[in-house]
Amino acid sequence: MTEEEINKEFDSTVHYLYNCTPVFEHVGASAYKEGLSNTLALDSHFGHPHTHFLSIHIAGTNGKGSCSHTLASILQADGYKVGLYTSPHLVDFRERIRVNGKMIPKEYVIDFVRENKDFFEPLHPSFFELTTALAFKYFADSDIDIAVVEVGLGGRLDCTNIITPILSVITNISFDHTQFLGNTLAKIAGEKAGIIKDGVPVVVGEDIPETRPVFESKAETTRSTIVFAQDKPLITSAKANALGGRDYKTKYFGDIHYELGGDYQDKNANTVLTACMQLLNKDVIRDTDSVAKGFANVCEATGLMGRWQKVHDNPVAVCDTGHNVGGWQYLAPQIGAQQCRTRRIVFGMVDDKDLDKVLSMMPRDAVFYWTQPSCKRAFAVEKIVEEAEKQGLEGHPFATVKEAYAAALSDSSADDFIFVGGSSYVVADLLS
């Protein structure tokens, strides 16, 4: 096939995947399938591909993506062939499945669907069940050494949970997807703790009195070594640097330059360093210099986007995928601390998030550009305007992210600051 034919066939394959399977990003709750029966059937059909490589499993409410990409970057720097499975994607479906930072080839996706359609159609799998099977098969066929696998939703019943990793990581717990995971932090922690396996060590990035006993109890049941990263912080000092990233002094890894910005990355970085200590103990990481190299090159090595990512200079414009209360408790103060003449915020959100609570955290001195991402689950911009006005936040509505961002740029002088976010899908529309 010519490149043009491949592109056309790939677009129609992805369209088929989105339309023949329920997609959580598009329709929400109706796409969520509890239980692993489809996953196990697909896994058996493909010859249990996840047993052909080592893996690290990462769950949590916030920070999964940053931690997953950073660990993958470190392992690549250490000389491994690394698979990386994350979600959602921002611009291209293939961002979800990478080997050493390179996206899965379009031809592989086309062949996978064409050759296996007759098997999977009668199962009526969800989009995520099918995508997970695709990822694991591709990793096995690519003969990777190790995969970093991000949980899709929850943990216990997530279809990634068929793997037996060498290390489990749970970044943190806050309220998100409560309709599936429970309406208390302890219940949500119980679902995330479902990734803890017999005898497999687990690193917990952040815990609170409500969640800690849940993790300890599960680790005791599975006879797993459990390490709470916040008990013994490995970062001794942290500050922003001129390039937009973070600079750390650490206990065991020297000075580290983190390519990712965002104040919230300090906790993610501490979680990753604690995980690295476990991987060093297991002789998985062979050279301690790989840790600093991985932190310094995470975007280049893995293709990560949308984490306090600068998209414009003069005025500085930044986008971030933080999309719930847990994310905004870090984003709001950082936006408020930017040195600028006028703060401008382009904001939209999807309908399973706590809109009122996030709006209550917004800087009061900003100019707002309310919008909605191109996803069926988006809050209508009229709803955002209505709720914002109740909280005394004034702004203008825009039908699309593109229009809202263009207006913010047009209104700005060189010394203003623009933030674009509220949802991964807002950032996806921006970067598209």
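## Salt bridges

A search of the whole structure finds 19 salt bridges, a salt bridge being a side-chain nitrogen of Lys or Arg within 4 Å of a carboxyl oxygen of Asp or Glu. Please keep in mind that this is a predicted model, in which local features need pLDDT of at least 70, side-chain atom pairs count only at pLDDT 80 or more, and totals for chains, interfaces and linings use all residues. Residues are numbered from 1 along each chain as its sequence is written, and side-chain values use heavy atoms, with hydrogens and water left out.

| Pair | N to O distance |
|---|---|
| Asp78 and Arg286 | 3.3 Å |
| Lys310 and Asp313 | 3.1 Å |
| Arg344 and Asp416 | 3.1 Å |

Let us begin with Asp78 and Arg286, whose side chains meet in a salt bridge. Asp78 lies in the loop between helix H4 (64-77) and strand S2 (82-85), and Arg286 in the loop between helix H10 (265-281) and helix H11 (289-296), so this pair ties together parts that are 208 residues apart in sequence. Helices (H or I, at least four residues) and strands (E, at least two) are DSSP runs, numbered from the N terminus. Is Asp78 buried or exposed? Asp78 counts as buried, at 8% relative accessibility, while Arg286 is exposed, with a relative accessible area of 52%. For these words, buried means under 20% relative accessible area, exposed over 50%, and partly exposed in between (1.4 Å probe, protein chains only).

A charge sits over a ring if NZ of Lys or CZ of Arg is within 6 Å of the ring centre and within 35 degrees of the ring normal. The charged end of Lys117 likewise sits over the ring of Tyr16, 4.6 Å from its centre.

In the pair of Lys310 and Asp313, Lys310 is partly exposed, with a relative accessible area of 47%, and Asp313 counts as partly exposed at 46%. Next comes the salt bridge of Arg344 with Asp416. Arg344 lies in strand S14 (residues 343-347) and Asp416 in the loop between helix H16 (401-411) and strand S17 (417-421), so the pair ties together parts that are 72 residues apart in sequence. Both Arg344 and Asp416 are buried. Elsewhere, salt bridges that share partners join Asp207, Arg212, Glu216 and Asp231 into one network.

## Aromatic pairs

How many aromatic pairs does a search of the whole structure find? The count is 18 aromatic pairs. Rings of Phe, Tyr and Trp (its six-membered ring) pair if their centres lie within 6.5 Å; planes under 30 degrees apart count as stacked, over 60 as edge-to-face and the rest as tilted. The rings of Phe53 and Phe139 have their centres 5.9 Å apart and their planes at 85°, so this pair is edge-to-face. Phe53 lies in the loop between helix H3 (37-45) and strand S1 (54-59), and Phe139 in helix H6 (residues 127-141), so the pair ties together parts that are 86 residues apart in sequence. Both Phe53 and Phe139 are buried.

Trp308 and Phe417 form a stacked aromatic pair, 6.1 Å centre to centre with 25° between the planes. Trp308 lies in the loop between helix H12 (298-302) and strand S12 (309-312) and Phe417 in strand S17, so the pair ties together parts that are 109 residues apart in sequence. Trp308 counts as buried at 11% relative accessibility, and Phe417 is buried with a relative accessible area of 4%. Phe53 and Phe139 also belong to one aromatic cluster with Tyr85, Tyr108, Phe128, Phe136 and Tyr138.

Asn172 is found in the loop between strand S6 (167-170) and helix H7 (178-181), where it is buried, with a relative accessible area of 10%. Leaving aside its neighbours within four places in sequence, Asn172 is in contact (heavy atoms within 4.5 Å) with Gly60, Thr61, Asn62 and Glu206.

Finally, helix H15 (residues 381-390) has Val381, Ile384, Val385, Glu387 and Ala388 as its buried residues. They pack against S14, helix H14 (355-360), strand S15 (366-370) and strand S16 (395-397). After H15 comes Gly392, whose phi is positive, near 75°.
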